[in-house]
Amino acid sequence: MSAPLTGFAADLGGTKIAAARLEAGVVVERVQAPTDGAAGPEAQVAAIGALLARLGHTRGAPLGVAVAGRIDGAGAWHAVNTGTLPAILGYPLERELTRTLGRARCLNDAAAAGYGEALLGAGRDSDSFAYLTVSTGIGGGLVIGKRLIASGNGLAGHVGFVSNPHASGPCGSGRVATVESVAAGRAIAAAAAEAGHGGDARAVFEAAAEGADWAERIVARSAGAVATLIGDLAATLGLDTVALGGSIGLAPGYLVRVERALAGEPPLFRPRLVAAALGHDGPLVGALAMATGQPGAAASQATLRNSTAPASAAPSQKGRSM
Ligand code: ADP
């Protein structure tokens, strides 16, 4: 039996893959590599394995893996926004990682971060908590009464695909006018290109900081869309606290802009808004917490089991319990 929250974790996003060694819930060593978004799932597994090897991972050590996209009740991995990870179309990620590394528990990256924040970070004192990552895409981790909201198809919490009045265009999920399609990093870069400016979301934030009107409009629209999302989630879940994470959520000036936009909502729809306390480590901490069965993990896994309809899913669920 290993010490609580001691082991390894990986976090595969649309832009970067991070891996870490943790001791008692603290990241003590971290390595990172860019994500090859077009690569197939076997190559993604190899990239995760290579980073873990650099950290001295040994076969069978506790391992939590957080990924962009959904992980279903059988541990299979599916892209939801096929513009971000086009080659991930239902791959037995948990089974393959367990086969190659001896042990693994997988879940969505924002769900992992939300769970980590609820246990050890910005949501510690919250009874109805949402973590929102604004990064390459937009994701959510919803934790009510310290239980992560999970569903058998792995879609629960994918709040980036909620409709939004600030949006109008297509979304890689197949929906139209979603919050992700207007507010996330890819959308910010696309809006800049449309306005005749190159560069990624970071460049747009830098231009806004230097006072460029075109850039300020794009950043303010993103913040306004996220504020609307927060109001909608508050109405649905009775949230008392929302934490923002992701490189855009944590970018200087972003939270203040969201707060300003949220001020237009009636008080009841305005939860406390804070920055993610675990910063970029949230997905890593939460994934390992789920893998090592911290308080609440068992309840969240039970939710997942109960909501997985076919009885035939039972054997793979058994493999998921840790
Ligand atoms: P991932 O989506 O892989 O989890 P991140 O959370 O780092 O990764 O989000 C990547 C997105 O954040 C990209 O669109 C990138 O351009 C943008 N970004 C990175 N750093 C900054 C920054 N300092 N300010 C604004 N945007 C940033």
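Tutor: Happy to! The space that the ligand takes is the largest pocket. Here a pocket is, on a 1 Å grid over the protein atoms alone, an open set of points with protein on both sides within 12 Å along at least five of seven lines, and a molecule sits in it if more than half of its atoms lie within 2 Å of its grid points. Keep in mind that this is a predicted model, where local features need pLDDT of at least 70, side-chain atom pairs count only at pLDDT 80 or more, and totals for chains, interfaces and linings use all residues. Residues are numbered from 1 along each chain as its sequence is written, and side-chain values use heavy atoms, leaving out hydrogens and water.

Around the ligand there are 15 residues, with Thr-15, Lys-16, Ser-135, Thr-136 and Ser-247 the closest (a residue is near if one of its heavy atoms lies within 4 Å). Domain 1 (7-109) and domain 2 (122-277) both contribute to this shell, so the ligand lies between them; the bounds come from an automatic or database domain assignment.

Now for the polar contacts (pairs of N or O atoms within 3.5 Å). A side-chain N or O atom of Thr-136 is 2.4 Å from a ligand oxygen, and a polar side-chain atom of Ser-247 is 2.5 Å from a ligand oxygen. From Ala-201, a polar backbone atom lies 3.4 Å from an oxygen of the ligand.

Terms used. Polar contact = N/O pair within 3.5 Å; in protein donor to acceptor, adjacent residues only side chain to side chain. 1 Å grid on protein atoms, 1.4 Å probe; cavity = no way out; pocket = protein on both sides within 12 Å on 5 of 7 lines; lining within 4 Å.
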